[in-house]
Amino acid sequence: MGDSVARRDLRVSHAEREHVARLLTAHFEAGRLTPDEYETRSAAAAVAVTRADLNGLLIDLPGVDAVRAREVLEWTSGRGDLKRSGDWLVPPRIVLRSRFGDAGLDFRHARFMEPSVTVAVDMWVGDVDLRLPPGGSVDLDGVRTHVGHVKHRTGASGRRGDPHIVVTGRMYVGDIRIR
């Protein structure tokens, strides 16, 4: 068995297929793929056997740097509310910065790029309201409030759910509510 296999002919893993699926989702969200193209390419990624199969799905799209911006959603507000709900793509990291205003993230109908999401909070005056989807869980150990409360209304089960939201950072005046 002295013959070596060309890199393009190497078989791919589930993780590689899922990575390409996430890239395709980011390109679709950026408007580079039509709904039909996205559906066709995503289906092909799910059954790809070799690296050549996966590479062919990305060959006409910009490199990873073009979609990396979708891996972090940064919101900043001096005054006013930051809200997201409905069908939206949740990146692996969300940063919320606000001086005066509330932040509301409704994850119930969202699509997650990763099974775990970090929500980093840097807020002066305002509340944070997170609505979890069924089966979701939250870790609040890394967030601090100076004047306010952390209210976990779903009841912590002690098990890690899917998706899992990790909240970090600080709030000076305000509450964090998990529903």
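Glu29, for instance, is partly exposed at 32% relative accessibility.

Before going further, some ground rules. This is a predicted model, so local features need a pLDDT of at least 70 and side-chain atom pairs count only at pLDDT 80 or more, while totals for chains, interfaces and linings use all residues. Residues are numbered from 1 along each chain as its sequence is written, and side-chain values use heavy atoms, with hydrogens and water left out.

How far can you trust the coordinates? The pLDDT, the predictor's confidence in each residue on a scale from 0 to 100, averages 86 over the chain, and 91% of the residues score at least 70. Where pLDDT is low, the predicted coordinates should not be read in detail.

Now for the sheet. Helices (H or I, at least four residues) and strands (E, at least two) are DSSP runs, numbered from the N terminus, and two strands pair if DSSP finds at least two bridges between them. Five strands make an open sheet in the order S1-S4-S7-S11-S9, with parallel pairing. S1 and strand S9 (137-147) are the edge strands, each pairing on one side only. On average, neighbouring strands of this sheet are turned by 5° against each other, direction ignored; the axes behind that angle are lines fitted to C-alpha atoms, for helices over the stretch in contact, and angles run from 0 to 180 degrees between N-to-C directions.

Walk across the sheet from S1. Strand S1 (residues 72-79) pairs in the parallel sense with strand S4 (residues 93-100) over seven bridges, and Glu74 has Val95 in S4 as its bridge partner. On the way to strand S7 (residues 116-125), S4 again pairs in the parallel sense over seven bridges, with Val95 opposite Ala120 in S7. S7 and S11 also run parallel, joined by nine bridges, and here Asp122 stands opposite Arg170 in S11.

That last pair leads on to the charges. Side chains of opposite charge can pair when their charged atoms come close. A salt bridge here is a side-chain nitrogen of Lys or Arg within 4 Å of a carboxyl oxygen of Asp or Glu, and by this rule the count comes to 11. Asp122 and Arg170 form one of them, with the closest N and O atoms 3.6 Å apart. The pair links distant parts of the chain, Asp122 in strand S7 and Arg170 in strand S11 (residues 164-173), 48 residues apart. Asp122 is buried at 18%, whereas Arg170 is partly exposed at 38%.

Glu29 now comes back into the story. The side chains of Glu29 and Arg111 meet in a salt bridge (2.9 Å, N to O). Because Glu29 lies in helix H1 and Arg111 in strand S6, the pair ties together parts that are 82 residues apart in sequence. Arg111 is partly exposed, at 31%. Arg108 and Asp106 form another salt bridge, at 2.6 Å from N to O; Arg108 is partly exposed at 37%, while Asp106 is buried at 11%.

What about the rings? Rings of Phe, Tyr and Trp (its six-membered ring) pair if their centres lie within 6.5 Å; planes under 30 degrees apart count as stacked, over 60 as edge-to-face and the rest as tilted. The whole structure holds three aromatic pairs. Trp88 and Phe107 are stacked, at 5.6 Å centre to centre with 25° between the planes. Trp88 sits in the loop between strand S2 (82-84) and strand S3 (89-90), and Phe107 in the loop between strand S5 (103-106) and strand S6 (111-112), 19 residues apart. Trp88 is buried at 3% and Phe107 is buried at 0%. Phe107 also pairs with Phe112: the centres are 5.7 Å apart and the planes at 35°, so this pair is tilted. Phe112 is partly exposed, at 24%.

Finally, the helices. In helix H3 (residues 51-58), Ala52, Leu54 and Leu57 are buried, and the buried residues of H3 pack against helix H1 (14-29) and helix H2 (35-46).

Technical notes. Buried means under 20% relative accessible area, exposed over 50%, partly exposed in between (1.4 Å probe, protein chains only). Contact means heavy atoms within 4.5 Å.
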